[in-house]
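Here are my notes on the model, point by point. Please read them with the structure open.

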Amino acid sequence: MKSKEVSIFFTDITDIFLFTIRVIRETFSRNFEFKEFIHQCFQIGNKTLPLIAITGTIMGLVLTIQSRPILIEFGAVSMLPGMVAVSIIREMGPVITALICAGKIGSGMGAELGSMKVTEQIEAMEVSSTNPMRYLVVTRVLAAMLMVPLLILYADALGLIGSWAGANIKGDVSFALFFSQAFSHVDFIDFLPAVIKSFFFGAVIGIVGCYKGYNAGRGTESVGIAANSAVVLASLLVIIVDMIAVQFTDMLVL
Amino acid sequence: MITEQVITSKNPSTADKSDEIVIELKNIKKSFDKQEVLKDVSLKLFNGENLVILGRSGSGKSVLIKCIVRLLIPDEGTINVLEENVGTLNSAGLDALRKKIGFLFQSGALYDSMTVKQNLEFPLRRINKDLKQQEIDEKVLTVLDNVGLADALDKMPSQLSGGMRKRISLARTIIADPKIMLYDEPTAGLDPITSDEISSLINEVQKKYKTSSIVITHDIECARTTANRILMLQDGVVYKEGTLEEIEKSDDPFIKSFFKL
Ligand SMILES: Nc1ncnc2c1ncn2[C@@H]1O[C@H](COP(=O)(O)OP(=O)(O)O)[C@@H](O)[C@H]1O
Ligand SMILES: [Mg+2]
């Protein structure tokens with residue numbers, strides 16, 4: 001990477017940090033825009049549900065089909081449901097869903113707020129007694145923090161169903177048996193870190209999307225730039241947060 | 001009601017003008033990075049008048065009126081609006097002042113994700129939280145009627161033509177009964193006929209709502225129609241100030257080229 005890109009990355013991170021502090025401050029001020037928050041939650045779900053359903057199912061299916069030969073080699077086919085369940089719940093579900101959300105929600109927020117900025121809609125809000133930070137940004141960030149974890153759980157569930165379908169292509173496992181085998185390997189300790197990190201994924205996606213849109217430049221071309229850089233940065237930060245989360249769980253759980 | 005006829009005569013309502021000052025800018029300076037946009041601008045807006053600010057694109061007209069509502073903060077100088085110093089107001093005071101000012105943005109700034117009706121309701125609900133739905137509906141219909149677009153109620157902004165969008169934004173701006181109107185290039189990008197319609201709407205708003213207005217434009221026809229007084233902005237300073245007649249009489253080559261005299 002060129003040194004200019006590195007320095008842009010770090011100024012971005014600093015600005016996002018300051019932006020986050022502003023968002024937190026506005027979140028705890030009075031006048032929470034509850035209606036807009038609900039609307040944003042609905043928007044996020046509505047936009048991503050089909051996409052997440054398809055990728056979640058295929059993720060489980062592929063993971064099962066590919067792991068099967070190796071487990072047969074080790075004579076451990078009975079481990080298949082449990083292994084797939086653990087990897088979906090711990091890692092694959094959260095990360096793949098978060099990356100898709102970064103693409104879909106992050107870019108959507110970047111483009112929407114970016115075009116609102118360019119066409120002076122944000123300023124129009126400001127002069128009609130509406131704090132745009134509170135109305136546009138806080139609601140979107142909180143909506144992402146609530147919805148991304150829910151979407152991840154949904155992807156996990158469909159991933160397991162996909163996995164069951166995959167197990168049935170070559171073998172013959174009943175639904176009940178598959179799930180009892182799967183969950184006998186899944187502990188609370190697999191679940192909790194995944195849920196906690198998925199909140200952070202949601203926060204990162206919401207904050208980066210809003211930050212890029214809210215700080216878009218002045219021409220129409222900045223809308224595209226905002227959307228695009230929101231996806232890139234949000235995806236990158238999702239991976240980085242994931243790495244940090246893994247280190248943490250590793251340290252705490254051993 | 002919107003008058004469909006094209007008004008080419010000058011704005012005759014100069015008589016309503018009083019000496020009471022509603023907006024006063026003193027020695028405003030504003031730079032972006034190293035680019036000095038406003039070097040030293042002072043102006044006064046009197047009660048009831050339409051002040052037209054003429055200037056070329058990029059001469060800092062938008063920056064100037066955005067300073068008035070504190071969307072931008074000037075580097076130096078003071079701004080008094082309705083006898084309050086905009087620079088020293090707290091956020092509640094600023095909100096209260098902004099309620100009395102209508103701002104028509106250059107790009108219209110209609111909320112893309114909302115219907116025309118929701119667009120019009122937005123400032124009403126925000127500014128006055130205890131309005132009843134019935135009162136809101138009435139106001140929405142009245143302003144839509146005033147701009148001649150009563151049937152656009154359930155359209156999305158993307159379904160409207162440029163001229164219609166401008167009218168809807170004008171309706172959204174006047175819906176909360178502002179005392180002061182700030183128009184940022186109200187006729188930019190419109191055909192001559194629509195421009196004339198918008199210009200006469202501006203005059204109607206002045207009379208009907210008893211507003212004092214600043215109209216920013218580079219469109220000479222719009223200036224001719226709406227101006228009680230004209231101020232020319234060039235290179236970050238006030239280049240010339242006066243009534244339309246005074247300015248048109250000038251021998252200055254820059255002004256002549258502007259007015260294509
Ligand atoms: N927020 C901003 N950041 C940086 N430069 C700006 C900003 N707003 C305006 N400018 C610059 O100030 C100058 C005047 O802009 P503007 O007031 O929009 O001109 P106009 O008279 O056409 O309305 C332009 O050169 C523009 O690039
Ligand atoms: Mg402008």
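In what order do the elements of chain A run from the N terminus on? They run α-α-α-α-α-α-α-α.

1. Basis of the notes. This is a predicted model, in which local features need pLDDT of at least 70, side-chain atom pairs count only at pLDDT 80 or more, and totals for chains, interfaces and linings use all residues. Residues are numbered from 1 along each chain as its sequence is written, chains are lettered from A and ligands numbered from 1 in the order in which they are written, and side-chain values use heavy atoms, with hydrogens and water left out.

2. Chain A overall. Chain A has 8 helices and 0 strands. Both kinds of element are DSSP runs, numbered from the N terminus: helices are H or I with at least four residues, strands are E with at least two. The C-alpha trace of chain A spans about 65 × 45 × 35 Å along its principal axes. Of the 254 residues in chain A, 48% are buried. Buried means under 20% relative accessible area, exposed means over 50%, and partly exposed lies in between (1.4 Å probe, protein chains only). Among contacts in chain A with a separation of 6 or more, 85% join residues 24 or more positions apart. A contact means heavy atoms within 4.5 Å.

3. Glu36(A). This residue sits in helix α2 (residues 34-73) of chain A. Glu36(A) is buried, at 12% relative accessibility. Leaving aside residues up to four places away in sequence, Glu36(A) touches Tyr135(A), Thr139(A) and Arg140(A). Its C-alpha atom is 10.0 Å from that of Arg134(A), a residue 98 positions away along the chain.

4. The interface of chains A and B. Here 16 residues of chain A are in contact with 22 residues of chain B. The area buried between the two chains is about 1600 Å², and carbon and sulfur atoms give 50% of it. Buried area is the accessible area (1.4 Å probe) that two parts lose on being put together, summed over both. Glu120(A), Val127(A) and Ser129(A) supply 37% of what chain A buries against chain B, more than any other three residues.

5. Polar pairs and the chain A side. Between chain A and chain B, 10 residue pairs are in polar contact (both at pLDDT 80 or more). A polar contact is a pair of N or O atoms within 3.5 Å; within protein, one must be able to donate a hydrogen and the other to accept it, and residues adjacent in sequence count only if both atoms are side-chain atoms. On the side of chain A that touches chain B, α3 (80-118) and α4 (121-127) are the elements that give two or more residues. α4(A) gives the most, with 6 residues. By class, that side has 5 nonpolar, 6 polar and 5 charged residues. Ala, Val, Leu, Ile, Met, Phe, Trp, Tyr, Cys and Pro count as nonpolar, Asp, Glu, Lys and Arg as charged, and the others, Gly among them, as polar.

6. Salt bridges across the interface. There are 3 between chain A and chain B. A salt bridge is a side-chain nitrogen of Lys or Arg within 4 Å of a carboxyl oxygen of Asp or Glu. Lys66(B) pairs with Glu120(A), with the closest N and O atoms 2.8 Å apart. Lys66(B) also meets Glu123(A) at 3.1 Å, N to O. This second pair runs from helix α1 of chain B to helix α4 of chain A. Lys66(B) is buried, at 10% relative accessible area. Glu123(A) is buried too, at 18%.

7. Salt bridges within chain B. The whole structure holds 20 salt bridges over all chains. Lys61(B) and Glu185(B) form one of them, at 3.4 Å between the closest N and O atoms. Lys61(B) is in helix α1 and Glu185(B) in the loop between β7 (180-184) and α6 (192-208), 124 residues apart. Both residues are buried. Arg224(B) and Glu248(B) meet at 2.8 Å, N to O. They link helix α7 (residues 220-226) to helix α8 (residues 244-249). Glu248(B) is partly exposed, at 23%. Shared partners join Lys117(B), Glu121(B), Arg125(B) and Asp137(B) into one network of salt bridges.

8. The magnesium ion (ligand 2). Which protein atoms are its donors? They are Ser62(B) (OG) and Gln106(B) (OE1), 1.9 to 2.3 Å from the ion. Ser62(B) lies in helix α1 (residues 61-68) and Gln106(B) in the loop between β6 (101-104) and α3 (116-127) of chain B, so the pair ties together parts 44 residues apart in sequence. Ser62(B) is buried, at 18%, while Gln106(B) is partly exposed, at 32%. Donors are N, O and S atoms within 2.8 Å of the metal (3.2 Å for Na, K and Ca); water is not among the atoms, so sites may look incomplete.
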